[in-house]
Amino acid sequence: MNTDQLKELQAPLKAKYREAPDAAVITLKADGTLGDGITCSVQTGKALTAAGLHPATGGNGLSACSGDMLLEALVACAGVTLGAVATAIGVDVRKGSVHAEGDLDFRGTLGVAKDAPVGFKTIRLRFELDTDATEDQVATLLKLTERYCVVAQSLRQPPAFSVSRI
């Protein structure tokens, strides 16, 4: 897809959302089913994934860890966003990869130490890009990717969150 094709694809959507801002607010959903042992099966867009405990919390390593899945969602979102931004601003990226890593202190999630956080302490996102773009163009590309990546922004500015029982 080139810049013109992307703009042509998105122009009617942007116009619609400018005219009717409420039309741009869409609720995304995810559902899971509690499974055998300590697992939860989650239907992704293409497959069923069984999530379970990380080995550092007693898991057997056969199920997907939700922490890994969060990083995978970040990588997927950042990769797609970078591709769209590169196309939109005319930066040719021949090839690239996205890497995310995060630090967890499992004492928090296991309730071993009240001062240990539950969740990631830090997350690092890195890109390897094969491009002839200038350093300024790459800086702009990364800045805009971070700005428009839904998962990155949800981590940076946590949304309102609630838990309830149906």
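Welcome! Helices (H or I, at least four residues) and strands (E, at least two) are DSSP runs, numbered from the N terminus.

This is a predicted model, in which local features need pLDDT of at least 70 and side-chain atom pairs count only at pLDDT 80 or more, while totals for chains, interfaces and linings use all residues. Residues are numbered from 1 along each chain as its sequence is written, and side-chain values use heavy atoms, with hydrogens and water left out.

**Helix 2 and its surroundings**

- Several residues of helix 2 are buried, including Gly67, Leu71, Leu74, Thr81 and Thr87. Buried means under 20% relative accessible area, exposed means over 50%, and partly exposed lies in between (1.4 Å probe, protein chains only).
- The buried residues of helix 2 pack against helix 1 (3–19), strand 4 (64–65), strand 5 (93–104), strand 6 (120–131), helix 4 and helix 5 (150–156).
- After helix 2 comes Gly90, which has a positive phi, near 75°.

**Nonpolar cores**

- In soluble globular proteins, nonpolar side chains tend to be buried together.
- The largest nonpolar core here has eight residues: Leu82, Val85, Ala86, Val91, Ala133, Val138, Leu141 and Leu144. Such a core is a set of buried Ala, Val, Leu, Ile, Met, Phe, Trp, Tyr and Cys residues joined through side-chain atoms within 4.5 Å.
- Helix 2 (66–89) and helix 4 (135–148) are the elements that give two or more residues to this largest core.
- Another core, of five residues, lies apart from the largest one, and Cys77, Ala78, Cys149 and Ala152 are among its members.
- Ala86 is in contact (heavy atoms within 4.5 Å) with Val91, Val93 and Leu141, leaving aside its neighbours within four places in sequence.

**Salt bridges**

- Side chains of opposite charge can pair when their charged atoms come close.
- The model has six salt bridges, each being a side-chain nitrogen of Lys or Arg within 4 Å of a carboxyl oxygen of Asp or Glu.
- Asp130 pairs with Arg94, with the closest N and O atoms 2.8 Å apart. This pair links distant parts of the chain, since Asp130 is in strand 6 and Arg94 in strand 5, 36 residues apart.
- Asp130 is partly exposed at 33% relative accessible area, and Arg94 is partly exposed at 43%.
- Arg124 pairs with Glu101, with the closest N and O atoms 3.1 Å apart. Arg124 in strand 6 and Glu101 in strand 5 are 23 residues apart.
- Asp105 and Arg107 meet in a salt bridge at 2.6 Å, N to O. Asp105 counts as buried at 16% relative accessibility, whereas Arg107 is partly exposed at 39%.

**The largest pocket**

- The largest pocket holds about 1600 Å³ of space. On a 1 Å grid over the protein atoms alone, a pocket is an open set of points where a 1.4 Å probe fits, with protein on both sides within 12 Å along at least five of seven lines. Grid points are joined across faces, edges and corners, and the volume is the space filled by probe spheres set on the points.
- Its lining has 36 residues, and Leu28, Leu70, Ala73, Val150 and Val151 lie nearest the centre; lining residues have an atom within 4 Å of a point.
- Helix 2 gives the most to this lining, with 12 residues.
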